[in-house]
Amino acid sequence: MNYLSVEDLKYRWGDTVLFDGISFGISQGEKVALVARNGAGKSTLLGMLAGSRPDTIGDFTPPDSGKITWNDHIRIGWLSQDPEMDPDHTVLEQVFASGTETAQAVRDYEAAVARHDDDALPALVEKMDALKAWDYENRAKQTLSRLQITDFDKKVGSLSGGQRKRIAIAAMLLAEPDFLILDEPTNHLDVEVIEWLEEYLCRSTATLLMVTHDRYFLDRVCTKIIEIDNHLAYAYDGNYAYYLAKRQERLDTRQSEAAKARNLLRREQEWMNRQPQARGTKAQYRIDAFADLQERAKKIRDERSFALEFGSARLGRKVVDAYDIHKEFGGRTVIGDFSYKFARGERVAIVGPNGSGKSTLLNMLTGNLAPDSGRIETGDTVVTGYYKQGGISVAPGKTVLDVIEDIADQIEKEGGHTVPAAQFLRQFLFPNEMHHVRVESLSGGERKRLYLVTVLMKNPNFLILDEPTNDLDILSLNVLEDYLTSFGGTVIIVSHDRFFVDKVADHLFVLDGQGGVKDFPGNYSEFLAWSKQSERQKREEEPKATAQTPTQQPAERKQTRAPRLSYAQKKELEKIDTELPKLNARKDEIESLLSGGETDPQKVMSLSDEYQTVKDQIDEMEMRWLELQELMGN
């Protein structure tokens with residue numbers, strides 16, 4: 001069943017063409033990712049699609065021409081990059097203010113009860129029954145808790161951007177829409193929440209259209225990719241790895257066509273430039289064909305790319321040494337007695353849940369925040385480049401060119417040669433028409449790319465990047481990764497992007513949120529696998545620890561406890577001991593299949609359903625195992 005059709009959509013923002021006849025369709029059950037360069041109009045398109053529905057809250061930016069057709073019988077869930085919220089609402093009030101029919105019914109019922117409106121209550125009770133809304137508040141609290149929001153009475157205005165994003169996700173999921181439109185859903189989320197959202201979307205039967213830079217998330221969740229390139233849309237049925245292969249084939253074909261068109265245009269241009277007196281004898285059809293060829297050659301362009309070609313200042317043997325640095329806020333230890341000597345060429349990622357102290361540690365290492373105790377020594381040759389999570393900050397009205405020229409009119413690049421600021425910007429995909437665009441008018445990804453360039457153009461040798469992947473397009477991420485892996489200085493990154501950390505970091509600093517910092521010798525994926533294995537072993541050992549007492553030996557337990565169980569209970573316990581390892585093995589196997597890039601939607605759904613069934617069986621068996629062990633001890 002077709003849910004959405006986009007036909008010949010055209011849209012121009014100022015002098016910039018975003019879409020020039022894009023067309024695509026999305027059917028029931030498809031999970032689609034929209035990918036494109038920064039500034040190509042991804043967020044504009046999502047907002048345009050969401051706003052074209054009368055039941056969607058928000059302003060609608062209509063296309064200049066074209067047609068958007070929705071299935072009238074489906075409900076839409078829309079998650080923008082920066083959801084608008086009432087700062088005076090509590091967390092629960094904000095969820096109830098989502099605008100869904102169920103949330104509205106709950107609000108109306110609670111308002112009628114508060115004002116003792118006995119006349120309105122019967123109809124409202126009937127509506128609550130019809131919508132099965134009586135447990136809505138409990139479901140809201142459960143969903144918020146899974147998204148690590150537990151203070152339901154806290155005011156929204158006091159929350160971080162990541163917390164507000166999670167509230168918006170909870171409100172959208174509670175509405176149980178048929179079609180989800182998500183703009184960068186993983187921004188500002190820590191890995192545990194990202195993995196939960198991955199599992200939810202994999203299991204969900206809802207149709208999905210999203211923009212994300214998280215390549216692991218994209219690869220696991222999506223079964224189709226639509227790329228906007230050169231103002232047109234190209235659809236690929238498959239996961240991210242399949243898309244990369246097919247995209248390269250398309251680009252190779254286009255490059256070949258471009259080369260042929262340029263050669264033919266050059267020959268025809270020579271023919272047209274011959275003596276004017278001979279032009280009257282030229283065939284009119286060939287003159288017309290030359291004009292068509294010129295127009296066609298403009299549309300066939302080479303793939304625009306860029307490279308981060310910056311040098312770095314000479315770095316001596318001493319970089320940054322930390323000696324027992326300690327930091328507390330409000331009596332809570334954030335970083336506790338941390339010591340480490342950073343080495344030249346080292347690349348370390350700092351990971352941990354939100355609020356665990358990652359940015360605090362960065363600010364102490366850069367001297368922006370003093371430790372409560374301990375000391376930090378910085379080498380004499382260190383030139384620090386600090387990319388902060390908050391992004392670029394410039395005075396209102398500053399243009400793209402202003403930002404670069406405020407740092408330098410001539411920019412030194414790798415090898416010691418210099419280039420003018422305007423040429424420098426063109427090399428980083430800021431063409432001439434963008435040089436005088438105000439920074440506040442840029443897309444989120446374009447602002448981040450500009451900020452990254454301003455940090456790197458100072459040629460740092462000690463580079464700190466706090467969430468550099470947020471809002472950057474995938475091409476820019478690939479370029480940044482290649483630059484960092486060959487960077488001669490020291491790199492510290494904070495990122496929730498597992499793919500990025502896996503590719504760049506040599507090892508991890510894992511923060512536990514209670515002041516502890518663990519040095520893990522591996523990448524992010526290896527750390528997550530190790531963490532899951534440790535948790536699994538802990539769960540397996542807990543029932544055994546519960547079953548035994550400190551003074552009893554295993555032989556004594558068997559002798560004194562066994563008679564307390566009936567024959568049937570003993571057989572049941574034996575069966576659980578046999579079946580539980582098999583279920584855990586099957587659960588691990590399904591997790592491996594789901595994370596391995598399975599692209600068949602029906603198979604993904606079948607595996608997701610089986611995963612939930614197996615997980616429920618494991619939980620039930622473990623609870624029964626504990627009950628039987630307690631009976632043995634009574």
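Student: What is Gly 515 in contact with, leaving aside its neighbours within four places in sequence?

Tutor: In this predicted model, Gly 515 is in contact with Thr 333, Val 334, Ile 335 and Gly 336 once those neighbours are left aside. The C-alpha atoms of Gly 515 and Ile 335 are 4.1 Å apart in space, although the two residues are 180 residues apart in sequence.

Student: Where is Gly 515 found, and why is Gly 515 called buried?

Tutor: Gly 515 is found in the loop between β19 (507–511) and β20. Its relative accessibility is 5%, and since buried means under 20%, Gly 515 counts as buried.

Student: What makes Val 517 partly exposed?

Tutor: Val 517, which lies in strand β20 (residues 517–520), has a relative accessibility of 25%. Buried would require a value under 20% and exposed a value over 50%, so Val 517, in between, counts as partly exposed. Residues up to four places away in sequence not being counted, Val 517 touches Ile 335, Phe 338, Phe 509, Val 510 and Leu 511.

Student: Which phi value does Glu 184 have, and is Glu 184 buried or exposed?

Tutor: Glu 184 has a positive phi of about 50°, although it is not a glycine. Most residues other than glycine have a negative phi. Glu 184 is found in the loop between β6 (179–183) and α7, and because its relative accessible area of 4% is under the 20% limit, Glu 184 is called buried.

Student: How do you know that Asp 471 is buried, and what is its phi?

Tutor: The relative accessible area of Asp 471 is 16%, which is under 20%, and Asp 471 therefore counts as buried. Its phi is positive, about 80°, although Asp 471 is not a glycine. Asp 471 has its place in the loop between β17 (462–466) and α16 (474–485).

Student: Why are α3 and α4 called roughly antiparallel?

Tutor: The axes of helix α3 (residues 101–114) and helix α4 (residues 121–131) come within 10 Å and cross at roughly 150°. Angles over 145 degrees count as roughly antiparallel, and α3 and α4 are therefore given that description. On the α3 side the contact is made by Glu 101, Thr 102, Ala 105, Val 106, Asp 108, Tyr 109, Ala 112 and Val 113, and on the α4 side by Leu 121, Leu 124, Val 125, Lys 127, Met 128 and Leu 131. By class, the contact of α3 with α4 has 10 nonpolar, 1 polar and 3 charged residues. The crossing in which α3 passes α4 is left-handed.

Student: What makes α6 and α7 roughly parallel?

Tutor: The axes of helix α6 (residues 161–174) and α7 cross at roughly 15° and come within 13 Å. Angles under 35 degrees count as roughly parallel, and α6 and α7 are therefore called roughly parallel to each other. In this contact Arg 166, Ile 169 and Leu 173 of α6 meet Val 193, Trp 196, Leu 197 and Tyr 200 of α7. The residues of the contact of α6 with α7 divide into 6 nonpolar, no polar and 1 charged. Here too the crossing is left-handed, with α6 passing α7.

Student: How far does α7 reach from its first C-alpha to its last, and which residues of α7 are buried?

Tutor: Helix α7 (residues 191–203) has 13 residues and reaches 18 Å, close to the 18 Å expected at 1.5 Å a residue. The buried residues of α7 include Val 193, Trp 196 and Leu 197, each of which also takes part in the contact with α6.

Student: What makes helix α12 mostly covered?

Tutor: In helix α12 (residues 358–365), 6 of the 8 residues are buried, namely Lys 358, Thr 360, Leu 361, Leu 362, Met 364 and Leu 365. Following α12 is Gly 367, whose phi is positive, near 85°.

Methods:
Residues numbered from 1 in each chain as written. Predicted model: local features only at pLDDT ≥ 70, side-chain atom pairs only at ≥ 80, totals over all residues. Heavy atoms only, no water. Axes fitted to C-alpha atoms, helices over the stretch in contact; angles between N-to-C directions. Helix = DSSP H or I, 4+ residues; strand = E, 2+ residues; numbered from the N terminus. Parallel < 35°, antiparallel > 145°, perpendicular 65-115°, else oblique. Left-handed = near helix turned anticlockwise from the far one by under 90°. Contact = heavy atoms within 4.5 Å. Nonpolar A, V, L, I, M, F, W, Y, C, P; charged D, E, K, R; others polar. Expected span 1.5 Å × (residues − 1). Buried < 20%, exposed > 50% of the residue type's maximum accessible area, 1.4 Å probe, protein only.
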